[in-house]
Structures are given as C-alpha cells and as structure tokens.
Amino acid sequence: MEKLKNKKGLICDMDGVINQRNQTMAKKYRGTKTSTVLLFVLPALIPLIVFWIYPILKSLYISLTDWDYMSPTYNIVWFDNFRNLFQDSRFYEALWNTLVFTLGTLIPTIVIGLLLALFMQKTFKGNGILKFILFSPWITPTVAVSIVWTWIYDPGSGIANQILKFVHLPQLQWIKSSDTAMLAVIIVTVWKSLGYAMIFYLSALEKVPQELYEASGMDGAKGWQKFRDVTFPCISPTTFFLVIITMVNSLQAYDQIQILTQGGPSGSTRTLLYMYYQLGFQEFDMGQAAAIAVVMIVLTVFLSSVQFIASKKWVHY
C-alpha cells in the first residue's frame, strides 16, 4: 500500500510538472504570436501614429492655447477658443456652406455616377475611349482643373455663358456673384468626381449574379423592378463606400475653392476648412483655427457614424 501511495504521489507530481510546463509553453507561444503580429502591423502603425494620431492630439492641444503661429511662447486659454468660435457668425455661415457643399456634391456624384455606369455597362464602339475621357478629370490635379474652369466661368468670354446664350437662357456671373459661386464650385467638384464613382459602380455591376436577373424575370419583374430588387441591393456596399468617401472629400475640399473663389464673394463659399486656413495662415490665430479642426473631426466622425448606423437598414453584404 505504501508503494502504491508513493507511485500515485509521483504520478500526481509528474502531472503537475507537465501541466506547468504546458502552461509555460502556451504563454511563450502567445507571446511569440503577439510579437509576430506586432512585427507585421508596425510598418503600418508607425505612419498612422506619426501622420494621423499625433497631429490630431497636437491640434487638440493647440486649440486650448492662444498661439499666433509666429511666437515661440503661448498661453493655455482652455476652452476660450471654442467659446469665441461658437459666438462668431462666420462659423455658422461656414458650417452651413459646408453642409450645402457636401450635399450638393454627394447626391449628384452618386446618382449621375451610377447612371453613367449603367450606360457604360453596354458594349458599343468607343466605349473604352469614353470611359477614359470620363475618368480623366479624377486623375487630373485639382489646381489645374480649377484654373481651366476659371476661364470657363468668365462672364464675358467663358464657354459657360456662351452655352447659356446659345440655348437662350440668361447669362450668369458664376464665381463673381455670391448667388452662383457655390453652384459653380459644386459643378466643378461633381464633374471631377463622376469618373471615380462610375468606375466603382462598373466594377460592382459586373459582380451582380445574372441568375438573380433571370429569377426576377421569371417572376414578372421589369426593368425598374429588376434595378430596385436586384441591382441596387447588390451594389449597396459600393454605394455606401462612395457615400462615405465623397462626404469626407467634400468636407476636406480646399483646392477648388482657393483657385475659384478664395471663399468669396462675401464668404458665400467659405467652408469650415477654408475658414481654418484663413484663421490660421491669414489672421495667425492658430488656436481658434485648431478649434475648427477639432470641430471638423467631430463632425466627420458624427456623420460617418450616422451613415454606418443607417447602413444596417439598406446595405446588403
């Protein structure tokens, strides 16, 4: 009996040693696995920290100061910049202009881009050349595009008024008038973005299973019904992606506004981003400019979050 007890005790001790050894090996494996993952993630994580996270945190810090962009010293004013910003009528005007510009570019870009994709999906002579022509504005620098459009919008000799004159419509002042300047900037932005949206929609339309069209046709569905019940649900992830990207690009629009209108006339095209530029680099009030940057980050996150929540009802993966 004594020998049996000793054997049992020895077996239990061996089991304990084996379990402890297994736990140690498991911890080493998890540590090695974590290190390997970090090693692969680090090349992407470093630029993210340097060019995104750190600037955001730095902007948040600057928004709490009275730094004038020139002096090496500054004072912490806490939330005075935000308080002054929310009491400035220019801020609310710029906020309204930003929302108008975003919606004015978002909806036409998505709708017309989809219509162009549906048309270009058909095979006809010159299809490839037409795709290239429609996509070329997107790959052309915005500054170059905007300079050309300043000539087009010239009230005296621009082709825009020549076309209106040809169709017997009243000629406009375009970027020279506060009534039409925002429309002019929206037209340029939409024109530049159409090819980008079209290419994404073309790729999405090619992936729609033909069996779904055949099945819906057997159920008596016609052209519009096929688009509503088959095409649109299948391309809804692409639509959601384009909505987010176009919205963010509109909130960050600067080049075309700077070249075409410089935020005028009378502030009619001054968006939040352009107001940030004016406060920071023209009025040298970097603290308040950084406050606008923080507001823009919050606005972008809020609008994106709303889109993600709403997408659960209409996006089908």
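Student: Left-handed or right-handed: which is the crossing of α3 and α4?

Tutor: Good place to begin! This is a predicted model, where local features need pLDDT of at least 70 and side-chain atom pairs count only at pLDDT 80 or more, while totals for chains, interfaces and linings use all residues. Residues are numbered from 1 along each chain as its sequence is written, and side-chain values use heavy atoms, leaving out hydrogens and water. A crossing is left-handed if the near helix is turned anticlockwise from the far one by less than a right angle, and right-handed if clockwise; for α3 and α4, the crossing is left-handed.

Student: At what angle do the axes of α3 and α4 cross?

Tutor: Helix α3 covers residues 89–120 and helix α4 residues 127–139 (helices are DSSP runs of H or I with at least four residues, numbered from the N terminus). Their axes come within 11 Å. The two helices are roughly antiparallel (angles over 145 degrees), and the crossing angle is roughly 165°.

Student: Which residues of α4 meet α3?

Tutor: Start from the α3 side, where Leu-116, Phe-119 and Met-120 take part. Contact here means heavy atoms within 4.5 Å. Across from them, the α4 residues are Asn-127, Leu-130, Lys-131 and Leu-134.

Student: Is Ser-193 buried or exposed, and what is its relative accessibility?

Tutor: Ser-193 lies in helix α7, residues 181–206. Leaving aside neighbours within four places in sequence, Ser-193 is in contact with Thr-109 and Trp-138. Buried means under 20% relative accessible area, exposed over 50%, and partly exposed in between, with a 1.4 Å probe and protein chains only. Ser-193 therefore counts as buried, with a relative accessibility of 13%.

Student: Where is Trp-174 found, and what is its phi?

Tutor: Look in the loop between α6 (159–166) and α7, where Trp-174 is found. Trp-174 counts as buried, at 8% relative accessibility. Its phi is positive in a residue other than glycine, near 50°.

Student: What is the relative accessible area of Phe-284?

Tutor: Phe-284 lies in the loop between α11 and α12 (286–314). Although it is not a glycine, Phe-284 has a positive phi of about 55°. Phe-284 is partly exposed, with a relative accessible area of 37%.

Student: Which residue does a cis peptide bond join to Gly-264?

Tutor: Omega of this bond is about -10°.

Methods
Axes fitted to C-alpha atoms, helices over the stretch in contact; angles between N-to-C directions. Parallel < 35°, antiparallel > 145°, perpendicular 65-115°, else oblique.
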